[in-house]
Amino acid sequence: MKIKKIYFPNTVREAVSLLGKKNSVYIAGSTYSFKNIPENTEIAICGRDLPISYIKKDQKYLILGAGSTFDQIEKNKLCSSLFDGLLSKAASACSSQLIRNMATVGGNLAHLNAFNLFPVLCSSLNANVRISLKGFSKIISWKELYLGRYKPGINCLITELLFPLNLSRNKFYFKKVSKIKSSWDSYITVCFRADIYKKKIKDLRLSVGAVRALPYIDEALEKDVIGKEINTELIKDISSRLESGVLSLHANSEINSYRASLAKNLSTDFLSGLMED
Ligand SMILES: Cc1cc2nc3c(=O)[nH]c(=O)nc-3n(C[C@H](O)[C@H](O)[C@H](O)COP(=O)(O)OP(=O)(O)OC[C@H]3O[C@@H](n4cnc5c(N)ncnc54)[C@H](O)[C@@H]3O)c2cc1C
């Protein structure tokens, strides 16, 4: 590899215009890109000086600047209080302190990887992202990043992750089951959310990560249970359906059948807790 030029843009506009240069690569925390820089790369665009490392809220959203690190999120007061502290809890489950100091949330969302934490969180919290392209910026659903139109780090920069505050009164549940507590190689990562009113389900999201590149959800199941009273029988039905859905992703895999039983047990644990509220 022969890197001839390294840029440290300090505006998003400048960074986006540099993305257009031939054989260039955008680098944020470098925890993923360091080993994956294409051989023909000549230009490195480093995000270090970009003003996108903030965490704040406005009337509608909790806003994570895409340059925020897992360490910042773990320690931030908004992240440890809103959504039952879900984002801080999840950030603390990422690898080692060294990686958490460097890894950014923008880099985590830029490429799908089954073990990445932020796709599961975004899926559970119906997150949006702000992206900047040449000459304009726009807000899209996080899922649109992967439909082929936008190529993060190539034709656009992710600048913000937006988590809707109207969900902040919901109940949340995050668990990562792995060989050791902060292992990269998790068996499963789940992020569940429920809106319960007078024992009835108003909204449910059971998002399961590490089972495939995009987190697994069963939209039909989530729709079927709206308006139903939460009780032992319903919990059994929901968790069995979630187990079957995960199982069907890789029918003959032993590790996947273990993951499916984890999905069942963790969703039972979450939903049983809701009955007690
Ligand atoms: C040892 C180890 C353990 C890890 N453990 C975990 C773990 O437990 N959980 C987990 O989720 N991840 C884990 N990761 C994966 C990695 O750390 C994360 O995906 C991280 O968030 C990537 O962010 P980064 O800033 O380092 O991205 P970089 O490596 O700098 O960039 C990654 C890619 O994303 C693009 N990119 C970066 N920022 C943006 C942006 N703002 N807009 C558009 N494109 C962008 C870059 O161009 C590049 O292609 C681990 C990695 C390592 C090496």
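In this predicted model, four elements each supply at least two residues of the shell around the ligand: β2 (24-27), α5 (97-102), α6 (105-110) and β8 (157-164). Helix α6 gives the largest share, four residues. In total, 28 residues surround the ligand. The closest are G29, G106, G107, A110 and G153. By residue class, the shell divides into 16 nonpolar and twelve polar residues. No charged residue takes part in the shell. Domain 1 (5-46) and domain 2 (55-166) both contribute to this shell, so the ligand lies between the two domains.

A helix pair was examined next. Two packed helices are described by the angle between their axes and the distance between the axes. The pair consists of α9 (residues 232-249) and α10 (residues 254-276). Their axes come within 8 Å. The crossing angle is roughly 155 degrees. Angles over 145 degrees count as roughly antiparallel, and α9 and α10 are therefore roughly antiparallel to each other. The crossing of α9 past α10 is right-handed.

On the α9 side, the contact is made by I235, I238, S239, S240, L242, E243, V246, L247 and L249. On the α10 side, N256, S257, R259, A260, S261, A263, K264, S267, T268, L271 and S272 take part. The residues of this contact between α9 and α10 comprise nine nonpolar, eight polar and three charged.

How values were computed:
Residues are numbered from 1 along each chain as its sequence is written. This is a predicted model: local features need pLDDT of at least 70, side-chain atom pairs count only at pLDDT 80 or more; totals for chains, interfaces and linings use all residues. A residue is near a molecule or strand if its C-beta atom, placed from the backbone, lies within 6 Å of it. Ala, Val, Leu, Ile, Met, Phe, Trp, Tyr, Cys and Pro count as nonpolar, Asp, Glu, Lys and Arg as charged, and the others, Gly among them, as polar. Domain bounds come from an automatic or database domain assignment. Axes are lines fitted to C-alpha atoms, for helices over the stretch in contact, and angles run from 0 to 180 degrees between N-to-C directions. Angles under 35 degrees count as roughly parallel, over 145 as roughly antiparallel, 65 to 115 as roughly perpendicular and the rest as oblique. A crossing is left-handed if the near helix is turned anticlockwise from the far one by less than a right angle, and right-handed if clockwise. Two residues are in contact if their C-beta atoms, placed from the backbone, lie within 7 Å.
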